[in-house]
Amino acid sequence: MFNRKVIATRRNPGRQTLRTAKRRPWQCLAATMIFVACSSHSSALALDSMAILPSDRATTWQPGLMAEGGIPFRKTICATLSPRGGTLDDAAAIQGAINACPLGQVVQLAPGRFLINGGNFLLLNKAITLRGSGPDRTILEKQDGAKPFNAAVGAKPSPLVVVGPSLFSSTSDTVNAVRPANLRNDAIKGERTVEVDDAAGFLPGQIVLLDEASGADWRLDPQGRGEVWASEDFRVVWQKHKPAIQFVDDFAPDAFPSTPQSAGSWFGRPDRPVAEVKEIRAVSGSKITFTTPIHISYRKANAAQLSRFAQPHVKHAGVEDLALKGGDVGNLRFNWAASSWAKNVDNSVWHGEGFAVHASFRIELREFYVHDAAWAQPGGGGYAISLSAGSSEVLIENGIAVRANKLIVARSAGAGSVVGYNYMDMGYINTNGAWIETGLNASHMVGAHHVLFEGNYAQNADSDDTHGNSIYHTFFRNYLRGTRAAFDNQAGGTIDDMSQPRNGPRRAAGLMAYSYWMSFIGNVLGAPGQMDGWSYETRFTDAKPGVWMLGWDAVKPYPTDAKVAMSTIRYGNFDYLTNTTHWDSGSGDRALPASMYLPGRPPFFDAGRGYAWPWVDPVGETKLHVLPAKARYDAGTPFVQPNLDGSVRENSQ
């Protein structure tokens, strides 16, 4: 997580403004706004994504605990605790049980409400499981923290649970990386071995950080607004312009990403936003071999380095079968954790991030329900899921994320991660419900790359240019409706994009400026029978809904970055405006694989009867079947899978 200095400045609601709430063509907004602040997979190899993607966009997607046979179900209980009751705090009792629990065992929480107040939080710092009696029966609550539709944090802000060695970084930067070693040669994408100048201190099993300097300098801005601070190949584009752009630029005129404590070090080592966390398999002389392939090349010419962390990562720790409510530095944080998980967790009413994954490796979130942020505002105030600081190979699967500001962000993180088969909808700003927020997303800070979105149902897919760009993401077999489901704004009133034409920007698939080398393959776009007034291609300045909105920008004069569309692959996508499946003219074989990361039908499609997989089929007679996570949400049973005939199958999760 952040170091103490950074966290202190970010939790104060008066110290940060929202850049993205600019004047839109269809409605007048203030220029600034103030925020507050065991299922398992087969261990068989995932499909070869290079069969359909160019080599620079493809990678090996086998995230989370897939390679370890899935989340383990631990049976041995080391302690069972009940709430103390009344206003008595339960943190010390639970932490004492965690501290005493032998590795591989379970701290079991009985039904009831456990209070975690006064700045306390639970630190899960070893390979055990913290398990409740069900997300509707066991609740961990911070009653002096976040409150619905309340911008204020408590007197002693804290999360509820931290999986990892600590809440704060022990060094001056947020990543907590130390003793970097220079690479002797380039780290090649797809390979597993690097060579360093000095391998002393690197050990098998260690979690390490691989990154490179941006090499940025002043370049002609593709949007035609003077110059922008970017790398020569535009792999990295910082939000720093000449002339400066008010409410957009993250840097003072005399500051750069390498400047200490600048935006260049918010979620990575200074000016090293392209990064990934790896695990060492072997060390032989100067050669270090990782357990998984490298997802993008790291170049000696860009001062590529391999760093250790100041404290060892916590491995094989899990949080299961409980609810979290009221944390005001997030609810559940994975800080410097590896091969760890959250499963069957109800996560609500938080400030910051509901689930935060920071400087971590192979984390798995599954069968979760993250909903109703306390204060649904940009600026970090109410994000449902966040990946940051190089976190890599994360699996976010078969969950529900609704009614938060950003449903998911990836800030200098995400390499090799998969967001699969989730229902993600109703992203919004509570004080401006007309603004349709990003749905599927792996952006919001420079450096995110090679994230796969597969099989999700979302209001849209996009990649924002806030705090810089992201690159090389793939959107495969998702349903992108283009508008949100109707819902109640916590500020009052109903938000209904279909009946409120001023809501926008309405787009099924969008990419903001500087989002390069993205791939949309086999998606279904739009809402059947509800596309009157839509265009196939639209621009932000058109103030008109569109199936595609590529290269857009929300700041006057609202330019379009033409390089975005030029570098985007669109292949085999069906839309309900043209009722046609569109293929790139240069494409050959029109076959689509069932999955880019699964070896076969996932078991959660059999938790209830009647589900078809793949559920999104742009070339089939039936374009959309039913997503299990969406069916659970619609049935009002977020943790029990209904059968498609309306009945409920016992023990369906």
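Predicted model: local features only at pLDDT ≥ 70, side-chain atom pairs only at ≥ 80, totals over all residues.
## Helix 4 and what covers it

Contact here means heavy atoms within 4.5 Å. Helix 4 spans residues 628-635, and its buried residues are Pro-628, Ala-629, Lys-630, Ala-631 and Arg-632. Among the elements covering those buried residues are strand 29 (400-402), strand 32 (423-425) and strand 34 (457-458).

Look just past the end of helix 4 and you'll find Gly-636, which takes a positive phi of about 75 degrees.

Strand 24 (residues 352-358) and strand 27 (residues 382-388) run parallel and are joined by six bridges. Here His-358 stands opposite Ser-388, a residue of strand 27.

## One disulfide

A disulfide is a covalent bond between the sulfur atoms of two cysteines. This structure holds one disulfide, and the partners are Cys-78 and Cys-101, with 2.1 Å from S to S. The link between Cys-78 and Cys-101 is left-handed, with -110 degrees about the S-S bond. It connects distant parts of the chain: Cys-78 belongs to strand 3 (residues 77-81), while Cys-101 is in the loop between helix 2 (91-100) and strand 4 (106-109), 23 residues apart.

Cys-101 has 2%, so it counts as buried.

## Salt bridges

The count of salt bridges comes to 30. One of them pairs Asp-197 with Arg-184, whose closest N and O atoms are 3.6 Å apart. These two come from distant parts of the chain, 13 residues apart: Asp-197 is in the loop between strand 11 (193-195) and strand 12 (207-211), and Arg-184 is in the loop between strand 10 (177-182) and strand 11. Asp-197 is partly exposed at 46% relative accessibility, and Arg-184 is partly exposed with a relative accessible area of 35%.

Another salt bridge brings together the side chains of Asp-211 and Arg-269, at 3.0 Å from N to O. Asp-211 lies in strand 12 and Arg-269 in the loop between strand 15 (237-242) and strand 16 (275-284), so this pair ties together parts that are 58 residues apart in sequence. Both Asp-211 and Arg-269 are buried. Then there's Arg-570 with Glu-537, where the closest N and O atoms are 3.0 Å apart. Arg-570 sits in strand 44 (residues 569-571) and Glu-537 in strand 42 (residues 535-537), so parts 33 residues apart in sequence get tied together. Arg-570 is buried, with a relative accessible area of 18%, whereas Glu-537 is partly exposed at 42%. There's also a network of salt bridges, and it links Glu-212, Asp-233, Arg-235 and Arg-299.

## A buried asparagine

Last stop: Asn-573, found in strand 45 (residues 573-575). Buried or exposed? Asn-573 has 4% relative accessibility, and buried means under 20%, so it counts as buried. Leaving aside residues up to four places away in sequence, the residues that Asn-573 touches include Phe-520, Ile-521, Trp-548 and His-582.

Conventions: Residues numbered from 1 in each chain as written. Heavy atoms only, no water. Disulfide = S-S within 2.5 Å. Helix = DSSP H or I, 4+ residues; strand = E, 2+ residues; numbered from the N terminus. Buried < 20%, exposed > 50% of the residue type's maximum accessible area, 1.4 Å probe, protein only. Pairing = 2+ DSSP bridges. Salt bridge = Lys/Arg side-chain N within 4 Å of Asp/Glu carboxyl O.
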